[in-house]
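Here's a quick briefing to read with the structure open beside you. Take a look around first, then work through the points below.

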Amino acid sequence: MGTPLLEPVNIGFAELHIATLMPMLIAIGGGLLILVLDLMKDKLDKSLYVMFTILILLVDLGSVLGLEYQNGFFDVLLIDGLAILAQVTILVGSMLFIPLALTSKRFHEYSYPEFFALFLFMVAGFQFMVSSDNLILIFVGLETASLSLYTLIALHNRANSFEASVKYFTMGALSAGFFAMGSAVLYGLSGSLELNQISVALQSRMDEAGVMFLILGGASMLLVAFAFKLSLFPFHTWAPDVYEGASSPLAGFMSVVPKLAAFVVSMRIFEMFIALNIDGVQEIILCLSVVTMTIANIMALVQEDVKRMLAYSSISHAGFVMAAVALATVKANSSIFLYYGLFMFTNLGAFTMLWVSRHKDTVHHTRFDHPYEKFAGMIKIMPVGAVVMALFMLSLAGVPPFSVFWGKIYIMSASVDSGYLWLAVVMGLNSAISAYYYLKLIVYMFLKEPTDMVTKEITYYNVSKPLLTILGLAVFVTVGSMFYVDPLLETITEMIKQSGIGFN
Amino acid sequence: MTHILSILIFFPALAGVLGFVVDKRSAKAYGIAVASVEFVLSLWLWVGFDNVNAGMQFTEFSPIISQFGISYNLGVDGISLFIVIMATLITLLGIISLRDDTPNMKNMIISLLFLEMTMVGVFVALDAIIFYLFWELSLVPMLYIIGAWGGPTRVYAAVKFFLYTFAGSLIMLVGLLAMAYLYHLDNGVWTFNILDWYQLHLTTDQQFWLFLAFFAGFAIKVPMFPFHTWLPHAHGQAPTIGSVILAAVLLKMGTYGFVRFSLPILPDASVYFTPFMMVLSIIMVVFTAMVAFAQKDMKQVIAYSSVSHMGVIMLGVFAMNAEGLGGSVFLMLSHGIVSGALFMLVGVIYERTGTKIMSEFGGLAAVMPVYATVFGVMLMASVGLPLTIGFVGEFLVLLGFYKVSVIGTIIAGSTIIIGSVYMLALFKKSFFGPVTHKKNLSLKDLDGRELTALLPLVAIVVWLGIYPKPVLDPIDNSVKALLVQMEEHAELQTTKDAIIISKKEAE
């Protein structure tokens, strides 16, 4: 049945298309270089590593932009529009994140060069994940990235960071198990690990007795695996704790880049099932997405800590976007990238604002780092900061003309096009619910009197020029979205069409 | 001036941004200066407006997201022209009426200028997404105005206001997206241009659902009867300037939405829903008038009476004839001016005494004769006394509605009586009789600042009450064009019959 996993191959170097592998090699090589640098000379300042990492990422980005659409490296790498788009988004997100290490106060984790090396390995892992349709390579990429990420979280070096890291690790291990089992079922059915060959094999065997049951079983296991990674209900419970334990910028990063990578793989896998007309897959994903956005929204309403609120809000946004995977049209797939591309800047900006106000000691609350009270009357203490944070909140709530609004209407429009009017209404109502908790922060900042604890020194504690630069960039992208959404959308749609994923 | 509409929208916004630099103590003067320029610009719009042309004028177009059919598309016709002028006028007078010792004056001025941008934007937008954009954006400055300068439970009132309208308009957004999709199915291109949508033929079933989606957004904003509960809270807690703008301009967005979207795009559904809308409107008119009578707080009386009059506007909109629709557009203007003035007047007495409860007053006419006179004029206009601005619109609406339902007209007309009952009761309790509280004896009459804000409104009330023609004519033109378009566009013969104006009449 089928061909064995590894049959002897005889391929010339030119046919390897080593260029397809270059971006990841650059990231890995950069990471190793950082480690070597540290060996040769001790006590180098973090600013060097930060800038060096940015340069590596820039070179990486350059090599990604130079890629041609092709298969490469024993056919396990698949460079299509989707892969390039995802890699670019991942690299841009990473470049936004790294300068946040340059705070005015010294935070433990960034003084280790290992942090930056691990970060680059993680980026390489994500790049592997999104540019392959081979289940093994996806798995390897996923695990490389995840293992690095667990360590990055733990490096924040507080009791709840360790807790977060271990929690994330165990959950991640569980999800890896599900992924392996799901892939095994698909391999058993089709004798292949390449998604395009699996698709062909499943197509021909679908009518056999019992096969449909197996396909559904495999699909559900894979769905569980990705539900963990995407923090979909009921596998979302780790997310708020992990976000709380991680440092603010890392939490912001985690709400965007790893999820985007997981979304890309979900698109490849689940839209294959949907294209095969397998009953149930689309419905299950839709249910998951609706329940996720609703439950997370309701949970976010009752949070007392802004970071936890943002964690639940990120879960809800992920649920929102998961609906687009279920719709599986070109428009829906484009909307995923539009949404995450815009959401990335806004959400990272919001987490950066928390980072700016992060104090080394817990001064506001015995339990939380960022209780709402901390932001009370911020308009009186740091008016610009309050306005900036309010812009991010309004954008997340989907108030036009701020960036996330465009992503939101595009997804809603995609669901209207596919005939899911009820889904669009549910999304609308969920946006209305979510407006409440974003408004709550605005109310605290603008309409409440500052408490005695809130002073300029405390809220501006961690600010530095690089942080302000990133914030400025995020504000610019959030507010000026109207002027660049058109070309952005055009590029995205073109590349999605090229990759041939999704119905027209 | 080909770009006057863009200038009208973005001038106050730009001024608002620059306002951050202006010194605190000069903020009010800056606000007055900017709002005056804006008002003059809007008058200029009127001067350049071609009264004979019933279509869109001063149109501007440039694509924003071309492949999704979103474009920056503006235009003004007889229906929106005067609402824009009213919005800029009320903003100007509202800023003038601000007390000099308002806390955080600078923030107030900046919020008002941003609010002005959104108000103008909503009424001149011809692209559904641009309309939606300004519609949602208008919530933000209002939230801040209510929440920062309001009464004791201001935060609750502000958040309720925001969430209620936000939820409704998101459902409206789904309707807008569905419209664009249906247009795409029919014509193969994406567009959010309202004028293109006017040409689209929809089945009655599609119209039914789209009407409900639009209804969710507009009815909450108006606010129609079961969805009105946010308004008394908002008015009760809002500062004077907040109530003035809310009642005068923001509520008109809802009725304007019905006129601009529901009627011409969904003619069959509009006719189908007419009985439903009428019942809701009549309940709204009668019920809130009764509630108004039961209030002890002067501001709540005005607030409920304002809701009651919005019901009359809704009746006119769904009368489906030139008199009713034209009358209701005119009534939007008069309601804006009269209720704006009444809220300012309540603000005046509240500033002096710190209370709005009617039983605390009495005999004010003797102490504050000028105030009592201005109040009297506005009150007469509010109940629709002939020769005031309130009469013209109300009369036209009832005349138009008479052709639709005689009994409905009698019930709705009876509110003029209930209206005069509660308004005169308010006037009697507060202004006549002996001065019951000694402290009221020393109240000062209107000062120069308040007179500057109020006298222009009094002048307009009398002027348009006696000679409404210059305003009514352009409104009438555009309204007739809209009805003709509706009739041509309707799918069903019953709809065509229900729309009473015929082509000949229009020509």
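At roughly what angle do the axes of helix H2 (residues 27-48) of chain B and helix H3 (residues 78-96) of chain B cross? The answer is roughly 160°, with the two axes coming within 9 Å. Keep in mind that this is a predicted model.

**A helix pair in chain B**

- Angles over 145 degrees count as roughly antiparallel, so H2(B) is roughly antiparallel to H3(B).
- H2(B) goes past H3(B) in a left-handed crossing.
- On the H2(B) side, the residues making the contact include B:Lys28, B:Gly31, B:Ile32, B:Ala35, B:Phe39 and B:Trp46.
- H3(B) answers with residues including B:Leu81, B:Val84, B:Ile85, B:Leu89, B:Leu92 and B:Ile96.
- Sorted by class, the contact of H2(B) with H3(B) has 13 nonpolar, 5 polar and 2 charged residues.

**A helix pair in chain A**

- Helix H14 (residues 330-356) and helix H16 (residues 383-397) of chain A have axes that come within 9 Å and cross at roughly 145°.
- This crossing of H14(A) and H16(A) is left-handed.
- H14(A) brings A:Thr346, A:Asn347, A:Gly349, A:Ala350 and A:Met353 to the meeting.
- From H16(A), they meet A:Gly385, A:Val388, A:Met389, A:Phe392, A:Ser395 and A:Leu396.
- By class, the contact of H14(A) with H16(A) has 6 nonpolar and 5 polar residues, and no charged ones.

**Helix H12 of chain A**

- Helix H12 (residues 281-301) of chain A has 21 residues and spans 30 Å from first C-alpha to last, close to the 30 Å expected at 1.5 Å a residue.
- Among the buried residues of H12(A) are A:Val281, A:Ile285, A:Leu288, A:Ser289, A:Thr292, A:Ala296 and A:Asn297.
- An α-helix has 3.6 residues a turn, so residues three or four places apart point the same way.
- What do the buried residues of H12(A) pack against? They pack against helix H8 (211-230), helix H11 (257-275), helix H13 (306-327) and helix H18 (421-447) of chain A.

**Where the chains meet**

- Across the two chains, 26 residues of chain B are in contact with 27 residues of chain A.
- On chain B's side, the elements giving two or more residues are strand S1 (57-65), helix H5 (128-137), helix H6 (139-149) and helix H7 (154-187).
- H7(B) gives the most to that side, with 13 residues.
- By class, the side of chain B that touches chain A has 22 nonpolar, 3 polar and 1 charged residues.

Methods:
Residues numbered from 1 in each chain as written. Chains lettered and ligands numbered in written order. Predicted model: local features only at pLDDT ≥ 70, side-chain atom pairs only at ≥ 80, totals over all residues. Axes fitted to C-alpha atoms, helices over the stretch in contact; angles between N-to-C directions. Helix = DSSP H or I, 4+ residues; strand = E, 2+ residues; numbered from the N terminus. Left-handed = near helix turned anticlockwise from the far one by under 90°. Contact = placed C-beta atoms within 7 Å. Nonpolar A, V, L, I, M, F, W, Y, C, P; charged D, E, K, R; others polar. Parallel < 35°, antiparallel > 145°, perpendicular 65-115°, else oblique. Expected span 1.5 Å × (residues − 1). Buried ≥ 20, exposed ≤ 12 C-beta atoms within 10 Å, placed from the backbone.
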